[in-house]
Amino acid sequence: MRNATGMSRRKFLLLGAGIGIGGPLLAPHSLTWVASTWQDKGNTLQSRLLALFHHQPSARVIGNTYLQQFPQEANIRVLLKHIVADFSGGFSHSDDRLSSAADRELMGSLQRRIRRDFSEEKVVKLQGWILSATEARLCALAALA
Amino acid sequence: MFIDARRIASNQTLETDICIIGAGAAGITLAHEFAGKAVRVAVLESGGLDFDADTRDLSVGQDIGRPYFPLDVAQLRFFGGTTNHWGGLCRPFNALDFESRPWVPHSGWPFGKTELDPYYERARVVCNLHSAEWSADYWLRRDRFPALPFVGNRLVTRIVPVVSSAERRFAPNYRKELEQAANLSIYLYANLTELETNEAGRTVTEANVACLTGNRFKVRAKQFILAASGIENPRLLLLSKRRQPAGLGNQHDQVGRYFMEHPRLVTGILLPTNPRTSVGLYSQHRTLRGEILEGHVALSEQTLRQEQILDVQMDLDPIFDPAYMSCVDALDSENVTSLRTLLRAFRSRTIPNDFQRHLANVLNDLSAWTDHAVTAAPIPLPKPELISEVWQADPAERVAFLCEWFGTIAPAAYEEILEGFPLEHINVTTRIEQAPNPDSRVTLGPERDRLGLNRVQLNWQLTPLDQRSMIRALEVLGMETGSAGIGRVQITLAEDDGWPETLRGGWHLMGTTRMSDDPRKGVVDRNCQVHGISNLFIAGSSVFPTAGSAPPTLTLVSLAIRLADHLKERMG
């Protein structure tokens, strides 16, 4: 059988650990890091989102795959717009409320968004893996960082 | 009574009322239904009471399509037929399986599931399945393993009860009854070579029979039933061409077409969010009360209609973290089996067979640790170097020590307490209802067997709908597991790359003499009577117009019982 993945399962497991596929999307120990940087007013949305990965190199591998498939989204602003659009908290990527949102609120919104992606079939197939469009874009964000 | 046909003198003609060709699940069921009735029945079985290589060779055929199992392995030519290697899985077809579905060409049975329901109940008894419960809800309430917590209604859990290995073989189960029934004659080593008809080709008059020892004789009967197999039934019709050059029942070129299997393939991986996700339900297992079950994930009827795909069933096979593999093997050890046997007996307040052996296994296993204790210590003390090793080991290594030092029961208990060893991932194997396809067919080839009969050629072919159904089912699984937070799915079956070599069937030979009320679209009518022939019937899964994803045995036994009822009524 042809290996449709091109990316080994073992490698994806590592990626999973990175973006929370093997565990919760926003891994608990990344919360500590987020919390420690929470008071940093210069913290951008992109860096806050990237802080959610505890294995950014892995996320970048997935992100690069996504960008190869969707080159039109190879732009941080475009990705951010897609990621926060239609958040259940009513955020937009330029919204001040987003930068002032508590980390738990941000994570909760992301998790709800990802689950909703799956139930609304807003998914992408990357090397055979069925991922929510939002989590794939988060990885793409890491790839562009 | 059982008769060795090799001792019947050549050129004799035997007289009977009903002649059944084949003593597998269908043939034995028919004989069982007629046992003790006021009708003479002759059963012609190609083999003996056990396997023999010369008879097996008669089933050899040639693959000219997708690679398939060797036909002399897929068919078992001796008393009991393929029930001699049957896995015991029983589940009725779903109501949707009987419907004519616009998105499945050539689908639809002449009747709905309600027609078969009463026969399913009788078939369950024939198959020795003790419980009459089919509902997943019922079994999930009793089972020790939970179903995966899907949130939507796109996926369902199906539970398949399994007849125990000690009770599932038709040959030992029915041999005595058939042997003792005064109206039954079971001819062993009796190979049908041709069905002869009257001049008009509308009534079968005789069955020509040959033995590998060289003697040939005839069986004259009022009714004939082909119950040979999904390969042999069409072969025998095609070989019977004395009056009808295309073969019996083949006036519309339907015999041998629509060969169906249950294509089966590892098509994906489920990476669980929680490595301790329980998937025990989806492997064959015993409930606490001893019933054997196997769970599957399937698409709901609503989803199948919406997606316009075939029925798909997904098996989830856990692949454990390699650090735990030695312990995983322990779960199937004889000692753990002995402990489970004793516990079951204890709960039911009985004494199991081989009680002493089971007890010895458990005691030996539990005392394995003494090999690692300080010799002659006043109290049981592990050797200091072992304590040091454990102290320095990581958690996974500690489990490995558990397996190394404590036999197999301790790791099994550890697994039970932790509700499963950590998973690395879960292999998803999909098994689909193959779409009926007229180009997937059995024909006669140029080679001949020892009896001078043409061997078959099997051209197993699948359609794009089969592949689309497999892939779409995985996509739905991926979305539902993501939505429920269960994990992520990878599809390993490429859409545009044809079928991989690893594709296999389920040893299920179906569809080659399909049922249809329209003679142009099928070989038999709703009563399993061959179109245009007044006294020829077919039993077995070769009459299935569609294959469902359920194992075929229960349904083919149901149809055989229904056919027996039909003939009883017809013969008064």
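Q: What should I know about the conventions?
A: Residues are numbered from 1 along each chain as its sequence is written, and chains are lettered from A and ligands numbered from 1 in the order in which they are written. The model is predicted, so local features need pLDDT of at least 70, side-chain atom pairs count only at pLDDT 80 or more, and totals for chains, interfaces and linings use all residues, while side-chain values use heavy atoms, leaving out hydrogens and water.

Q: Where is confidence lowest and highest in chain A?
A: pLDDT is the predictor's confidence in each residue, from 0 to 100. Where it is low, the predicted coordinates should not be read in detail. Chain A has a mean pLDDT of 69, with 54% of its residues at 70 or more. Confidence is lowest in helix H2 (residues 28–37) of chain A, at a mean of 36, and highest in strand S1 (residues 123–126) of chain A, at 94. Helices (H or I, at least four residues) and strands (E, at least two) are DSSP runs, numbered from the N terminus.

Q: In what order do the six strands of the open sheet in chain B lie?
A: Strands of a sheet pair through backbone hydrogen bonds, either parallel or antiparallel. Two strands count as paired if DSSP finds at least two bridges between them. Here the order is S1-S7-S4-S3-S11-S20 (chain B), with parallel pairing. At the edges are strand S1 (2–4) and strand S20 (536–538) of chain B, each pairing on one side only. Three bridges join S1(B) to strand S7 (residues 184–188) of chain B, and Ile3(B) stands opposite Tyr187(B) in S7(B).

Q: Is Ser469(B) buried or exposed?
A: Buried means under 20% relative accessible area, exposed over 50%, and partly exposed in between (1.4 Å probe, protein chains only). Ser469(B), in helix H16 (residues 464–483) of chain B, is buried, with a relative accessible area of 0%. Leaving aside residues up to four places away in sequence, Ser469(B) touches Ile309(B), Leu310(B) and Val312(B), where contact means heavy atoms within 4.5 Å.
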